[in-house]
Amino acid sequence: MADIEIYTKDWCPYCAKAKALLKSKGLSYKEINVTTDHDLQQKMIERSGRRTVPQIFIDGESMGGYDDLANLNATGELDRKLEIKPEKDLNKLYDVAIIGAGPAGLAAAVYAIRKNLFTVIISSDIGGQLGITYEVANYPGFQLITGPDLVQKFSEHVEQYGIERLVGEKVTGIELDGRAKRIKTASGKEICTKTVIIATGTHKRELNIPGEKELAGKGVVYCSTCDGPLFRDLTIAIVGGGNAGLEAALEMDDVAKKVYLISRYDWTGDEILQDKIAVKKNLEVLKYHEPVELHGKDRVEGITVRNNRTGKTKRLDVDGVFIEIGLFPNTDFVLDLVETNELGEIIVDNHGQTGVRGIFAAGDAIESHDKQVIIAAGEGARAALGAFEYIIKQV
């Protein structure tokens with residue numbers, strides 16, 4: 001049995017995702033909580049070379065963070081490394097395969113199974129963006145609940161029906177096989193189904209500039225709540241002018257030595273957040289500035305920004321760059337199959353049906369004006385009912 005260690009922090013959603021993924025594979029691990037222990041934090045940084053949590057080690061070898069673990073699992077490399085043999089028999093025809101396990105996917109699963117449809121959930125994780133949301137104050141029935149706690153309630157509801165789940169899988173494509181659809185994953189699995197519900201949600205946008213990928217986890221951060229405290233008394237830059245960027249700036253103002261808040265245009269965040277930013281003295285605002293390059297070899301050492309009004313560039317010496325520039329739909333695997341808008345969001349009718357018979361979509365991956373948990377859940381239910389109606393009308 002492999003020796004697995006995982007460095008975590010309290011209320012770190014990516015830590016929870018990593019632990020859930022390991023548990024779903026029946027793997028035991030040693031958890032090292034570094035929330036309040038500065039010495040353990042430094043040991044983690046020294047061992048991994050990163051200032052982000054979680055950090056995972058297998059037999060003493062650094063595997064990186066959650067994204068690294070998920071990628072290893074999705075490609076099947078984790079199973080090969082740990083000599084895990086597949087247990088599920090996928091040589092069957094499902095009534096509905098739900099891709100994604102956020103609010104839309106889990107709600108779709110409940111409605112599908114209650115219609116007595118043979119159902120499977122295929123997902124990289126459980127919860128999606130909701131799983132990394134700190135607080136939810138607008139979901140009926142809960143005056144205030146954390147995202148992970150709400151995910152747990154969704155998940156427990158699904159689990160009582162015994163729905164088959166393939167967690168940790170990345171879908172790479174869908175092929176049409178007559179009336180059936182064949183779903184392919186990065187690990188080489190194939191799942192055959194009568195209908196598909198795409199509920200893959202969104203992921204955080206990246207800057208896509210030189211140095212970003214090379215320094216990911218080495219000062220490049222996508223979750224200020226998780227990793228912000230590891231940058232105490234250091235100088236950081238936050239990129240983003242929406243609510244996420246402004247909230248991260250306010251959060252880090254009391255943690256970092258200095259904060260640069262960089263936005264390509266004027267701010268779009270709520271006025272109440274803008275008013276709070278205006279009175280902060282530890283925070284330097286750089287509106288109409290665009291990041292063009294990150295610097296550093298083993299860690300972030302600086303960021304070059306360009307003034308979009310003058311064209312002049314300058315380098316800022318920083319120890320970390322927090323990227324908070326919005327979300328992008330997880331639809332790359334179906335862009336050549338279904339109709340999407342210019343953002344890559346899937347276009348559906350009022351039954352959740354795409355332009356391809358038997359393929360439905362729901363949640364934040366579809367074209368819709370409002371991205372809310374309750375709306376995503378409702379769309380998931382609608383798509384499941386649409387799939388049921390489609391199946392019973394087939395001769």
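In helix H1, the residues Pro-13, Tyr-14, Cys-15, Lys-17, Ala-18, Lys-19, Leu-21 and Leu-22 are buried. The elements that cover these buried residues include strand E1 (4-8), strand E2 (30-33), strand E3 (55-58), helix H3 (66-74), strand E7 (164-167) and helix H7 (224-227). The model described here is predicted. Helix H1 comprises 12 residues (residues 13-24), which at 1.5 Å a residue should span 16 Å; the end C-alpha atoms of H1 are 16 Å apart, so the two values agree. Just after H1, Gly-26 adopts a positive phi of about 75°.

**Overall form**

The secondary structure of the protein chain amounts to 10 helices and 21 strands. A compact globule with 395 residues would have a radius of gyration near 21 Å, and the protein chain, with 22 Å, agrees with this. The C-alpha trace spans about 70 × 50 × 40 Å along its principal axes. Of the 395 residues, 50% count as buried. Among contacts between residues at least 6 apart in sequence, 60% join residues at least 24 apart.

**Nonpolar cores**

In soluble globular proteins, nonpolar side chains tend to be buried together. The largest nonpolar core of this model has 47 residues, and the members that touch the most other members are Val-53, Phe-231, Ile-236, Ile-238, Met-252, Leu-261 and Ile-277. Leaving aside residues up to four places away in sequence, Ile-238 touches Gly-245, Ala-248, Ala-249, Met-252, Val-259, Tyr-260, Leu-261, Ile-262 and Phe-322.

**Aromatic rings**

Seven aromatic pairs are found in a search of the whole structure. In the pair formed by Phe-360 and Tyr-390, the ring centres are 6.4 Å apart and the planes lie at 75°; because planes over 60 degrees apart count as edge-to-face, this pair is edge-to-face. The pair links distant parts of the chain, for Phe-360 belongs to strand E21 (residues 359-361) and Tyr-390 to helix H10 (residues 373-392), 30 residues apart. Both Phe-360 and Tyr-390 are buried. Elsewhere, Tyr-139, Phe-142 and Phe-154 are linked into a cluster by ring pairs.

| Charged residue | Ring | Distance of charged end from ring centre |
|---|---|---|
| Arg-47 | Phe-57 | 3.9 Å |
| Lys-287 | Trp-267 | 4.2 Å |

In the second, the charged end of Lys-287 sits over the ring of Trp-267.

**Two individual residues**

Arg-114 lies in helix H5 (residues 103-114). Its relative accessibility is 62%, and Arg-114 therefore counts as exposed, the cut-off being over 50%. Computed along the sequence, Arg-114 and Tyr-161 are 47 residues apart, while in space their C-alpha atoms are 8.6 Å apart.

Thr-202 is placed in strand E11 (residues 202-204). With a relative accessibility of 13%, Thr-202 counts as buried, because that term applies under 20%. Apart from residues up to four places away in sequence, Thr-202 touches Gln-129, Leu-327, Phe-328, Pro-329, Asn-330 and Asp-364.

Definitions and conventions:
Residues numbered from 1 in each chain as written. Predicted model: local features only at pLDDT ≥ 70, side-chain atom pairs only at ≥ 80, totals over all residues. Heavy atoms only, no water. Core = buried A, V, L, I, M, F, W, Y, C linked by side-chain atoms within 4.5 Å. Buried < 20%, exposed > 50% of the residue type's maximum accessible area, 1.4 Å probe, protein only. Contact = heavy atoms within 4.5 Å. Phe/Tyr/Trp six-rings, centres within 6.5 Å; stacked < 30°, edge-to-face > 60°. Helix = DSSP H or I, 4+ residues; strand = E, 2+ residues; numbered from the N terminus. Lys NZ or Arg CZ within 6 Å of the ring centre and 35° of its normal. Expected span 1.5 Å × (residues − 1). Rg over C-alpha atoms; globule rule 2.2 N^0.38 Å.
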